[in-house]
Each structure stands twice: as structure tokens, then as C-alpha cells.
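Hi there,

Here is the structure I promised to pass on to you. Have a look at it first, and then read my notes below.

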Amino acid sequence: MASLLTGCGSLPGTASAQKAPITVMTWAPEGTSATNMPGMPAMAQTYARWVNASGGLAGHQLKVLTCNDHNDSVGATRCAQRAVDEGAVAVVGSYSQFGRSFMSPLEVKGVPYIGGYGASDEEFESPLSYPVNGGQASLLAGNGRQLARDCDRVALVRPDTIEGDQMPSLLDSGLQQGRRSPVTDIRAPEDGTDYSAEVRRALDAVGADPARYGMAAYGGEAPGSCVTASLGDHTDAFLDSFRRLQRQSPKVHVASVLGSVGQALVNRTGGRSGPLEGALLTGWYPAAGDPRWNPMRKVINAHAFGDNRVDPADQGVQTTWIAYTVLRAMVEQLDAYGVDEITPYALQKVLDRGKHPVDTGGLTPKLRWRAEDMLAVQDFPRIVNGMVMYQTVADGQVLAASDGFVNVTGTLERRRTDR
């Protein structure tokens with residue numbers, strides 16, 4: 001390994017006393033009418049303040065550039081091009097739905113994309129992408145398996161977008177493993193403010209008939225009927241509509257995935273008396289209250305300076321923390337090999353062939369991106385982590401609903417795409 005990399009920097013024993021800083025970029029949409037992830041760049045800056053106060057990454061000061069992709073393809077391209085132009089050696093812990101737009105500029109210059117949120121297919125296709133989770137694919141497949149335990153009929157409310165078009169078959173893969181019928185697909189505007197029509201269609205699809213079961217306001221319930229919503233930031237608006245219309249229908253089971261639903265949304269929608277009480281949720285990582293997050297929480301408390309964008313329960317913030325954990329591990333491996341100059345090429349090689357897997361403190365399985373670590377998942381060949389965690393809302397709190405990680409790799413491998 002050392003022979004592969006020493007051409008990228010100084011040989012052992014020749015490092016200068018002052019190592020060159022490392023520049024990286026973290027981007028995410030902010031202030032848009034669709035999904036926003038302001039906590040990701042804010043967490044990146046918090047991380048940089050922390051490591052720089054402690055001597056940097058293996059002696060290199062960390063400089064974090066941030067960029068707003070504005071939830072459009074032009075913005076994503078501009079962010080990627082700026083990363084290249086300003087000498088970023090990697091893009092770390094970022095969110096964008098426009099992988100086709102941002103991966104091309106990075107690939108031209110060989111800049112690795114480390115630990116993206118998993119919002120685009122290209123993150124699981126490009127040889128320059130190093131995902132830390134299984135993206136939307138694992139969440140939806142896992143949610144399907146979670147719902148299959150109790151749900152005879154399931155309706156999925158999802159955005160009417162290219163990315164949303166994949167969601168039904170992914171959810172179906174989990175439902176089918178539990179020998180349940182395919183989901184009813186309810187398309188919805190990504191930036192809607194009133195989802196009453198979609199709620200009515202979902203309730204009708206799962207047989208929530210007040211004439212048969214009575215109304216929720218009087219204790220009526222439709223057994224085996226479940227509605228799962230994955231609308232990002234606009235899941236909030238969906239739940240407003242759902243809460244109003246649910247009263248005139250029998251109660252159904254509610255579900256979603258972390259990222260669309262989290263503790264902040266549970267709090268805003270009424271906590272234990274709100275529509276998410278009892279909801280079935282699927283996430284990538286341990287529940288926010290798990291002690292494995294304590295190191296991140298300490299860093300946030302000491303270095304976020306009260307920035308309320310850095311919510312330790314947010315999956316975007318959590319993903320960014322894990323992505324920078326990977327970056328730190330890679331820089332330390334390069335330092336151990338005697339590589340003093342950190343370049344995109346050096347990072348790519350150590351990610352592809354690194355001797356040691358990355359230990360994230362139990363927040364994920366140990367991570368590695370060699371060819372033999374890739375999972376045999378159709379359409380998503382770069383997935384190396386097929387684990388999810390089941391969670392639920394009890395007494396207004398998002399809590400773990402499973403003892404540990406649930407492996408959905410087999411579910412994804414058997415997925416049918418001919419819906």
C-alpha cells in the first residue's frame with residue numbers, strides 16, 4: 001500500500017514540521033421549498049472547529065467549504081465545480097438529489113464523494129462515491145419489512161419525482177418478503193402545502209371505511225391498514241392534512257423513514273397526542289438517545305456555539321458526523337503510510353485499498369469500500385452497508401424498536417423492478 005501512495009506526498013521521515021491544510025466541501029440545500037438539510041454543512045463546520053482545536057487531522061488543519069445546491073441541478077453542478085476549482089480533496093457528508101449533475105465534475109478531477117446522504121442513484125453507482133449507509137433503498141426495503149409484520153394493506157405517499165418513482169418497488173421488496181400484497185402508490189407534489197387529496201386516496205386504498213369500522217374520533221380502527229409517507233420536509237404538511245381527515249375515518253397505522261420523520265417533527269405535531277404516536281419508523285443508525293452518539297453530542301455542545309441547525313437527532317447531521325469520521329480515518333491511514341500531502345488521488349486509493357476498515361463507534365458496521373465489500377444489489381452496486389434500525393414513537397419519543405441492526409441486503413438483492 002505504501003508503494004502505491006508514496007508518490008502522492010513525502011516519504012517517511014521527510015515530512016515538514018508544518019503540514020499543509022486539507023480543504024474539503026460539504027453541500028446541502030437550504031431555504032428551498034422542498035427538502036432542506038442546513039444541519040449538514042453546519043455540522044461540517046462544527047467538526048472542523050473541533051479537530052482544528054485538537055491539532056487537526058494527523059497534523060493537517062481542516063478547511064471546510066460549504067455550498068447551497070438550492071435543490072436544483074444547476075446549483076448542484078455549481079457546488080461540485082466550486083469544490084474542484086477551490087482545491088477540495090473530497091466532498092464529505094453532503095446532500096443533493098442531483099447526482100447526475102454533481103458527480104460528473106468530481107469524476108473528471110478524481111475527487112472522492114465520501115458519505116453522501118444517499119439521495120441520488122449516482123451515489124451508489126459512481127466509483128468515486130463511498131457511501132456510509134444504504135440510502136433510500138435500504139430505508140424503504142426495511143420499512144416494508146417492518147410493516148409486513150402487522151399490515152395487510154399499505155399505501156405509500158411519496159414525491160412525484162424521478163427519485164420517488166423507485167420508492168414503491170423498494171417498499172414492495174420488504175412487503176413481499178413478509179408475504180404481503182404490493183403497496184398502493186400515491187404520488188404527491190414534492191413541495192405541497194395541502195395533502196388532503198393524497199390522504200383521502202391513501203385512506204381509501206387501505207380500506208379505512210368509517211361505515212365498517214367507525215371513526216377514529218370515537219375509537220374506530222381499521223386493523224391491518226397502514227399508511228407510510230416519505231416526503232422529506234413536507235411530511236410535516238402531509239401529517240397536518242392526515243390529522244384533520246383521520247378523525248372522520250377509522251384509525252390506521254402510520255409509518256415513515258427517518259429523515260422524513262424525526263423527534264423534532266414528533267414534537268411539532270403533538271408528541272404523544274399527535275398522529276405519529278405509535279408510528280413505525282426505519283432509520284440507518286441507532287436512535288438519537290443511544291449512548292453511541294455521545295462523542296458527537298459532546299462535540300456539538302462544545303463547538304456548535306448554540307447553532308440550532310446542528311440537531312443531534314437529525315439524520316443529516318448524523319450522516320455528516322460519520323462521513324467526517326471516515327475522512328479522519330483515511331487521513332490517519334495515509335499518515336501511517338508516510339504520505340504527507342493529502343490529494344484526491346491519495347484519498348481515492350486508500351479508500352479503495354485501505355488496510356483497515358473504519359470503526360464508527362458502532363453507529364454503522366465497520367466500513368470498507370474494496371471490490372469484495374460491495375453488496376450484490378441490483379441498481380445500487382456501491383452499497384457496502386445494508387443495515388437499518390427499526391424505531392417507533394412511544395410516549396412522544398422516538399425509540400429503538402429492535403435490539404440491533406437489521407440486515408436488508410437479501411431483501412434488496414431479491415427486489416423486483418418490473419412494477
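In S10, leucine 280 is the bridge partner of alanine 255. Strand S9 (residues 251-257) and S10 pair in the parallel sense, with three bridges between them; pairing requires that DSSP finds at least two bridges. Strands here are DSSP runs of E with at least two residues, helices are runs of H or I with at least four, and both are numbered from the N terminus.

A word on the source: this is a predicted model, where local features need pLDDT of at least 70 and side-chain atom pairs count only at pLDDT 80 or more, while totals for chains, interfaces and linings use all residues. Residues are numbered from 1 along each chain as its sequence is written, and side-chain values use heavy atoms, leaving out hydrogens and water.

Back to strand S10 (residues 280-283): Leu280 and Thr282 are buried on one side, and Leu281 and Gly283 are buried on the other. Buried means under 20% relative accessible area, with a 1.4 Å probe and protein chains only. In a regular strand, side chains alternate between the two faces of the sheet.

Now for serine 230, which sits in the loop between strand S8 (221-229) and helix H9 (235-246). Is serine 230 buried or exposed? Serine 230 has a relative accessible area of 7%, so it is buried. Leaving aside neighbours within four places in sequence, its contacts (heavy atoms within 4.5 Å) include Met167, Ser256 and Val257.

Enjoy exploring!

Note on methods:
Buried means under 20% relative accessible area, exposed over 50%, partly exposed in between (1.4 Å probe, protein chains only).
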